[in-house]
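The sequence and structure come first.

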Amino acid sequence: MPNNLLTIDMITRKSLEIFENELVLTRNVNRQYDESFAKSGAKIGATLRARLPDRVLVTDGAALQVQDDNEQFVPITVSSQKHVGVNFTSAELTLSLDEFADRVLKPRISQLAASVDSDVANVFRSAYQSVGTPGTTPTTSLVLLQGQQKLNEMAVPMASRYATVNPAANAGLVEGLKGLFNPGSTVSRQFKSGMMGEGVLGYDEINMSQSIKSFTTGTRGVTLAVNGAVTASGATTLAIDGGSGSATILRGEVFNIAGVFSVNPQTRESTGTLQDFVVTADATASAGAWATVNVSPPMFGPDHPLATVSALPADNAVVTVRGAASTVFPQNLVYQKDAIAFVSADLILPEGVDMAARATHNGISMRIVRDYDINNDRMPCRIDVLYGYSLLRGEGVVRLWG
């Protein structure tokens, strides 16, 4: 009976299945924005503007008070193209699909998925909400519940919440939480897999990824001060002093300001928790002072529809920066699915090659192309994905410091 050769379409669909299964962080983020790219054949650098929900003030009394729209947009640029190279022969095409996947596809595609996950994990640099003690690996339920607290205070939807942690945090949490008010099935799963699993402490899933990033803090001190009161609502810059020499505050640093509390976006009342800010661009001090530090979120007072703080920072208010200077800290992530967007786009299918196919599933597009190299008598093949990602809603992500 003749062998049935694997087709390029079969290989592409199987590759995409493996890729999706190997993703960890990216598997649980929002991929609803993909179709507008895939259908139009977006090229590298194409940008989508994702619209965020409008926010307004509720007014009292019978008199109508019409408010202007406060539409906000977040750009998502499809600019990252990653691929892995692979050679497979005509003889290997006679294998069963599962055998071919195990021998040829999985070893390479798993690395491709890890690389994409590693890229998406960089959203931590734009996230400002933070819990955990820098330098201490999380091992208790408290830090996970504090992550939930941050999301709840920001009125983030309860559904589709996840935590992705590095191997050290996973080991600490599994050990620290074993058997603690857990159903027997959850304890059994943790014991067998060494993972936290699903349906734990209000999270749909707590998973482990080697792609979680670490962050190295700048040379700044831990305790600084506001240099000049902020008077304009919506400000995204701050002057800070109290440092020394040409110390650095790096993009991704997190700090809070005395007397500046976060507010619930629905009620605009103080949560009683100091608002975390993240630095959005590197800054270097001059004689211990930073004239301009770019921050997120914007500082809107409680009387503004987009309110983020209970009060604008006062002059000389104490600025407390998270983590010791010049130190590396893991950045585990707690997040709600819709806070992060992953966008994948179609790559063109070249003509005049040996094989070419493309497949799309669950918002991920993958292309495989194989050609013949007459100079070296080889048949090189490449597996590509084209994508972009962005933090859509800063309030929906919490950095769990380790």
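Because Glu-20 belongs to helix α1 (residues 8–22) and Arg-31 to the loop between α1 and α2 (35–40), the pair ties together parts 11 residues apart in sequence. Helices (H or I, at least four residues) and strands (E, at least two) are DSSP runs, numbered from the N terminus.

The model is predicted: local features need pLDDT of at least 70, side-chain atom pairs count only at pLDDT 80 or more, and totals for chains, interfaces and linings use all residues. Residues are numbered from 1 along each chain as its sequence is written, and side-chain values use heavy atoms, with hydrogens and water left out.

## Overall figures

The protein has 6 helices and 24 strands. Of its 402 residues, 48% are buried. The accessible surface is about 18,400 Å², and carbon and sulfur atoms account for 50% of that area; the areas come from the Shrake-Rupley method with a 1.4 Å probe, and for residues only the protein chains shown count as cover.

Contacts are defined by heavy atoms within 4.5 Å. Among contacts between residues at least 6 apart in sequence, 76% join residues at least 24 apart.

## Other salt bridges

The salt bridge count is 12. One of these pairs is Asp-384 with Arg-367, whose closest N and O atoms are 3.6 Å apart. This pair links distant parts of the chain, with Asp-384 in strand β23 (residues 380–391) and Arg-367 in strand β22 (residues 364–370), 17 residues apart. Both Asp-384 and Arg-367 are buried.

Lys-106 is partly exposed at 37% relative accessibility, and Asp-102 is partly exposed at 47% relative accessible area.

## Strand β20

Strand β20 (residues 340–345) has 6 of its 6 residues buried, so it is largely enclosed by the rest of the structure. In a regular strand the side chains alternate between the two faces of the sheet. Ile-340, Phe-342 and Ser-344 on one side of β20 are buried, as are Ala-341, Val-343 and Ala-345 on the other.

β20 runs antiparallel to β23, and 6 bridges join them; strands count as paired if DSSP finds at least two bridges between them. Ala-341 has Ser-390 of β23 as its bridge partner.

Helix α4 (residues 141–153) has 13 residues and spans 18 Å from first to last C-alpha, close to the 18 Å expected at 1.5 Å a residue. That expected span is 1.5 Å times one less than the number of residues. Buried residues in α4 include Val-143, Leu-144, Gly-147 and Leu-151. Just after α4, Ala-155 has a positive phi of about 60°.

Gln-275 sits in the loop between β14 (270–274) and β15 (277–279) and is buried at 4% relative accessibility. Beyond its neighbours within four places in sequence, its contacts include Tyr-128, Phe-255, Pro-297 and Thr-308.

How values were computed:
Buried < 20%, exposed > 50% of the residue type's maximum accessible area, 1.4 Å probe, protein only. Salt bridge = Lys/Arg side-chain N within 4 Å of Asp/Glu carboxyl O.
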